[in-house]
Structures are given as C-alpha cells and as structure tokens.
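Got your viewer open and a selection tool ready? Let's take a walk through this one, stop by stop.

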Amino acid sequence: MPTIVVEVMPKAELLDPQGKAVAGALVRLGKTEFSGVRIGKRFEVTVDRPVDDALLAEVRELAVDMFSNSVIEDVVSISVV
Amino acid sequence: MRIGVVTFPGSLDDRDAQRAVRIAGATPVALWHGDHDLQGVDAIILPGGFSYGDYLRAGAIASHSPIMAEVIDAAGRGVPVLGICNGFQTLAEARLVPGAHTRNAHQQFIRRDQKLRVENASTAWTNAFDANDEIVIPMKNADGRFVADAQTLARIEGEGQVVFRYLDVNPNGSLNDIAGVSNERGNVVGLMPHPEHATEPGFGPDTDEAMSSGVDGLKFFASVISTLVS
C-alpha cells in the first residue's frame with residue numbers, strides 16, 4: 001500500500017516554543033554541541049491504489065490548504081514511500 | 001434579533017456565549033458544526049473551547065467543518081461574525097481574519113483577567129465602546145500567540161484592523177501586543193480573551209468596586225445588536 005509522506009515545518013523566522021524547550025533540555029543534559037532544535041510534523045497518507053500525478057497533485061493541494069497554515073508553516077517535502 | 005452560536009466537537013463556551021446573548025437582550029440560536037443551515041440568524045458567534053482537541057492546529061479542523069462554508073458565505077455578505085478564543089483561531093484558519101496563532105511563547109496555558117485597549121470602536125462588535133477604552137475580561141488559552149508576517153502586520157495596523165491590544169502585560173508573546181483583529185469590512189472580529197465571561201455581575205472579573213462584578217464584555221453584544229438595528 002503506497003504511502004505519501006508530507007513534511008511540514010514552522011517557518012524559520014518564527015519562534016518555535018516546542019523546539020526551544022527541547023533545545024533547553026539538551027543544554028541541561030550537557031549536549032552543548034547542538035545549537036538548536038525545531039519541531040515539525042510528518043503526515044503519512046495511505047492510499048489503496050498506485051500513486052499517479054493527479055493523486056499527488058491532490059495531496060499537494062491538501063498539504064497547502066489543510067495540513068499546513070502558510071502564515072506560520074511551510075510544506076518542506078512531499079514524497080512517496 | 002437572533003444570534004447563532006456554533007457548537008463544534010470540543011466547544012466549551014458555547015453555552016456561556018448563548019447566555020451572554022440572552023443577557024444582552026437578543027435570542028441565542030444553537031447552531032451545529034455538521035449542518036449547512038444557519039437557521040436565518042442575524043449574527044454568528046464561534047465560541048471558545050478545544051474543537052477537535054486542537055489536533056492538527058487549534059481551529060484548523062473546525063475551519064473545514066460543514067457549517068463553516070455557510071459562515072464564510074455569510075461573512076462575505078456582511079453578516080456580523082465574532083470568534084472568541086478557539087473561535088478566533090478558527091476564523092484565522094478559515095482566512096476570514098488575518099494572521100494565525102501559535103503556542104504561547106512561554107509554552108504554558110494561561111488564565112487571567114486581562115486588561116485590553118479597544119483600538120477600533122467602529123466594528124460590528126465594538127461600536128458600543130469608545131476608541132481607547134480600557135476593559136478587563138478573562139482570557140484562558142495555550143495557543144494564543146498572534147503572529148503575522150511583517151507586511152500583513154503593517155497593513156492591519158494601518159487599516160485599523162487591530163481591534164484589541166493587550167495592556168500592562170503581553171500574556172503570550174503576541175506580535176504588537178495584538179489581542180484581537182477584524183476583517184477589512186469590520187463585520188468579522190476575532191479575539192483571544194472572553195467577553196462572554198464578563199457579562200453578569202457576580203461572575204465577571206474583579207473591579208475596584210466589588211469582587212466578580214466586571215461586565216465589560218456586555219458591550220460586545222450590545223454593539224452587534226445596535227449594528228443589526230441600524
């Protein structure tokens with residue numbers, strides 16, 4: 001069963017409070033070589049038929065209109081696995 | 001005067017909003033997220049809560065629910081729409097008002113009686129105020145940080161679409177201390193704090209005069225009633 005993977009990240013210029021909290025925890029663990037963490041989302045969309053261009057286009061539209069909010073997030077990748 | 005209040009799965013303050021409408025002198029009408037029927041209401045309120053558990057993004061799934069197609073259509077015709085807290089997030093996700101919301105900058109849920117300044121007293125939901133009025137109403141949220149890109153911020157500041165600003169303290173890191181905004185026409189207003197929780201003596205924020213006596217939220221509902229009458 002094909003799976004279409006959509007990855008969404010908070011925009012680089014926006015504060016990512018979750019990532020900042022994890023980065024703070026890394027510092028407390030002594031992991032000082034890591035300078036930052038940002039947390040995004042991964043959507044795995046499954047279909048019961050082979051993926052064609054039309055279906056990919058539909059997922060691309062969903063990724064922009066629903067899976068992400070373009071005011072605060074970017075769709076960084078769409079791939080079939 | 002019939003004012004609809006939409007209930008989504010996970011709405012919490014729909015009953016409070018209905019009660020506030022009744023106290024203000026209008027008739028509340030319960031609307032259901034799964035319907036395509038606004039039941040001919042004169043104005044619409046999207047209440048606070050955690051629609052769909054805030055999954056995906058706060059207000060995101062609600063903004064795609066069946067009734068929102070009708071709400072978007074009504075907003076386009078000039079019907080007054082107020083989004084409170086989760087309702088504001090839903091309006092932003094539906095692109096009925098500018099901007100978006102992220103997790104509070106300090107990562108914590110916050111509940112406090114919040115002082116606001118009324119920046120625009122000419123919208124459908126604020127005309128009973130005077131510009132620069134200072135009011136206190138409760139706020140309670142985890143994803144209340146208003147953000148927009150620099151160009152949008154400059155535009156809404158310039159066009160008077162910033163309707164409310166946090167005073168004394170910015171509780172969540174919202175850009176420009178923005179607590180509420182409107183669409184260009186001023187019939188759609190969204191804000192994070194809760195006017196419906198400050199409409200009845202004994203249940204509102206404390207004031208200098210007496211405990212729990214704050215009713216600054218009443219003027220939101222008085223405003224829309226006067227909008228609809230005129």
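Two residues are in contact if their C-beta atoms, placed from the backbone, lie within 7 Å. With that in hand, select chain A: of its contacts with a separation of 6 or more, 69% are between residues 24 or more positions apart.

Some housekeeping. This is a predicted model, where local features need pLDDT of at least 70 and side-chain atom pairs count only at pLDDT 80 or more, while totals for chains, interfaces and linings use all residues. Residues are numbered from 1 along each chain as its sequence is written, and chains are lettered from A and ligands numbered from 1 in the order in which they are written.

From the N terminus you'll go through β-α-β-α-β. The radius of gyration of chain A (over C-alpha atoms) is 16 Å, well over the 12 Å of the globule rule (2.2 Å times the number of residues to the power 0.38) for 81 residues, so chain A is more spread out than a compact globule.

Next, pick out the three strands: they make an open antiparallel sheet, ordered β2-β1-β3, where pairing takes at least two DSSP bridges. The edges are β2 (41-46) and β3 (73-80) of chain A. Strand β1 (residues 3-10) of chain A pairs with β2(A) over six bridges; click A:E7 and you'll find A:R42 opposite, in β2(A).

Last stop: B:F221. Beyond its neighbours within four places in sequence, B:F221 is in contact with B:A20, B:V21, B:A24 and B:A26.

Methods: Helices (H or I, at least four residues) and strands (E, at least two) are DSSP runs, numbered from the N terminus.
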